[in-house]
Amino acid sequence: MALTSLSRFSEITTRIFENKKLLRSVSPVTRWLHLSPEFSMKANILFIHRWRLYRHIGRATRQSVPRLKQFSTCSSLLQTPAAHVPGTLQQELDPFKLAEPDLINLYSDIKKELSTQSNHLGCISSYYFDGHGKAFRPVMVVLMARALNYHIFESSRLLETQHRMAIIAEMIHTASLVHDDVIDTSDTRRGKSSVNVLWGQKKAILAGDFILAQAARILAQLDNEDVVHLLAQVLIDLVQGEFMQMSSSDDETERFNLYLKKTFKKTASLTAYTCKAAAVLGGANDTLQEMAFQYGRNVGIAFQLIDDYLDFMASQSELGKPTAADLRLGLATAPVLYASQRFPELKPMIARRFCKLGDVEKAYEAVHKSDGLAHTKRLARNHCNEALSHISILTDSVEKRALMSVIEKVLERSK
């Protein structure tokens with residue numbers, strides 16, 4: 001009887017391992033143990049229970065039984081479907097709507113983390129977490145995490161640690177905005193007075209530091225050394241990028257390389273490393289981690305390129321800040337650098353950081369007369385295409401298509 005049961009168990013586990021989709025979620029060590037002659041009766045029983053679990057949730061009968069909805073492990077969040085049955089996906093996906101249930105409490109959760117005995121500090125540090133931000137970075141983290149989870153486990157539910165990573169991403173981004181406004185002496189942000197205008201530079205700097213400190217505390221609670229290293233690199237890049245922005249190069253070719261390096265460090269590093277962190281937290285292998293990093297890197301660079309494009313094209317009411325702001329700060333972005341190839345008179349202006357009277361107006365006019373804006377949009381499209389190529393390895397899912405939709409949203413945005 002025991003031998004008959006053992007044979008039956010072995011037959012069932014053999015069928016399980018013939019299923020390629022199931023093999024994706026089984027580690028190489030587990031597969032090696034199964035093939036080993038010493039594979040025990042106890043291990044066989046374990047695999048039978050696992051097989052029954054897969055069958056129970058509808059994986060073994062996917063063709064005839066609708067997939068069960070998978071939900072976020074974050075109890076405070078609304079529940080969202082993991083994936084749709086093939087053929088039912090809508091052509092137009094709104095990635096922000098898809099991620100919204102997982103991020104509906106994003107700003108209230110952050111405000112709780114920033115609560116302190118000093119109401120004044122809590123008020124200042126929470127000022128930009130008013131729900132009027134794009135939440136672009138948390139959305140990318142959530143969608144990448146869910147797409148990877150579906151690819152690996154065929155369940156796109158969001159892990160609690162991945163949800164916390166989305167919170168960390170928004171906190172680091174906003175802290176950098178607070179510090180940027182101090183450095184640039186900006187008067188407005190998102191259509192309202194900036195922190196430094198309302199409370200002064202000293203308190204604004206301390207508020208930005210406080211947001212970073214609280215983000216670091218949440219990061220430490222994840223208890224993942226690899227992820228800590230990734231996010232530490234983000235902070236290093238932010239500081240280095242700011243220093244690079246303050247410097248300039250006399251070499252015209254090096255100027256564009258410096259601009260791209262600065263763009264990665266100041267903008268794309270955060271999206272790249274938080275997407276990779278979401279992959280690490282989900283147990284992804286090195287290949288998938290690199291895919292997540294490259295997607296975040298390319299989309300982040302494209303996002304900044306479009307931002308620089310809009311600085312010349314959008315109105316102040318659309319941007320929520322003055323147009324040609326970078327020129328007034330003495331910064332030569334992609335449209336200006338491209339325009340300087342047609343109008344060499346821009347090159348000395350770039351070198352002196354548009355400090356002479358009339359430089360800003362002349363440069364602004366030259367950009368619109370040149371093909372600098374078209375070249376900038378084309379470069380952004382190239383980075384988006386590269387991002388698309390990287391996520392092509394993911395299993396088709398609503399989340400993967402949402403990641404693709406993010407790319408179009410980046411290229412089409414007007415603010």
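## Working through helices and salt bridges

Glu365 and Lys369 sit four residues apart in helix H19 (residues 359-369), so about one helical turn separates them. That's a handy place to start with this predicted model.

**Exercise 1.** Find out what the side chains of Glu365 and Lys369 do when they meet, and work out whether each residue is buried or exposed, or something in between.

*Solution.* Start with the spacing: the two residues are four apart in H19, about one helical turn. An α-helix has 3.6 residues a turn, so residues three or four places apart point the same way. Next, check the side chains: Glu365 and Lys369 form a salt bridge, at 3.0 Å from N to O. Now for the accessibility. Partly exposed covers the range between buried, under 20%, and exposed, over 50%. Glu365 has 43% relative accessibility, so it counts as partly exposed. Lys369, at 48%, is partly exposed too.

**Exercise 2.** Take the salt bridge between Asp130 and Lys192 and say which parts of the chain it links.

*Solution.* First, the contact itself: the two side chains meet at 2.5 Å, N to O. Asp130 is in the loop between helix H7 (119-125) and helix H8 (136-153), while Lys192 belongs to strand E2 (residues 192-193). They are 62 residues apart, so this pair links distant parts of the chain. Third, check accessibility: Asp130 is partly exposed at 26%, and Lys192 is partly exposed at 22%.

**Exercise 3.** Now do the salt bridge between Lys265 and Asp237. Are its partners buried or exposed?

*Solution.* The N to O distance here is 3.2 Å. Lys265 lies in helix H13 (residues 252-281) and Asp237 in helix H12 (residues 225-246), so the bridge ties together parts 28 residues apart in sequence. As for accessibility, both Lys265 and Asp237 are buried.

**Exercise 4.** Describe how helix H9 (residues 160-183) packs with helix H11 (residues 201-221).

*Solution.* Begin with the geometry: the axes are 9 Å apart, at an angle of about 160°. Angles over 145 degrees count as roughly antiparallel, so that is how H9 runs relative to H11. The crossing is left-handed. Then see who makes the contact: H9 brings residues including Ile168, Met171 and Ala175, and H11 brings residues including Ala204, Gly208 and Leu212. Sorted by type, the contact residues come out as 15 nonpolar, five polar and two charged.

**Exercise 5.** How many residues of helix H17 (residues 334-342) are buried, and what covers them?

*Solution.* Seven of the nine are buried, so H17 is mostly covered. Among the buried ones are Val336, Leu337 and Tyr338. The cover includes H13, H14, H19 and helix H20 (372-391).

Conventions:
Residues numbered from 1 in each chain as written. Predicted model: local features only at pLDDT ≥ 70, side-chain atom pairs only at ≥ 80, totals over all residues. Heavy atoms only, no water. Axes fitted to C-alpha atoms, helices over the stretch in contact; angles between N-to-C directions. Parallel < 35°, antiparallel > 145°, perpendicular 65-115°, else oblique. Left-handed = near helix turned anticlockwise from the far one by under 90°. Contact = heavy atoms within 4.5 Å. Nonpolar A, V, L, I, M, F, W, Y, C, P; charged D, E, K, R; others polar. Salt bridge = Lys/Arg side-chain N within 4 Å of Asp/Glu carboxyl O. Buried < 20%, exposed > 50% of the residue type's maximum accessible area, 1.4 Å probe, protein only.
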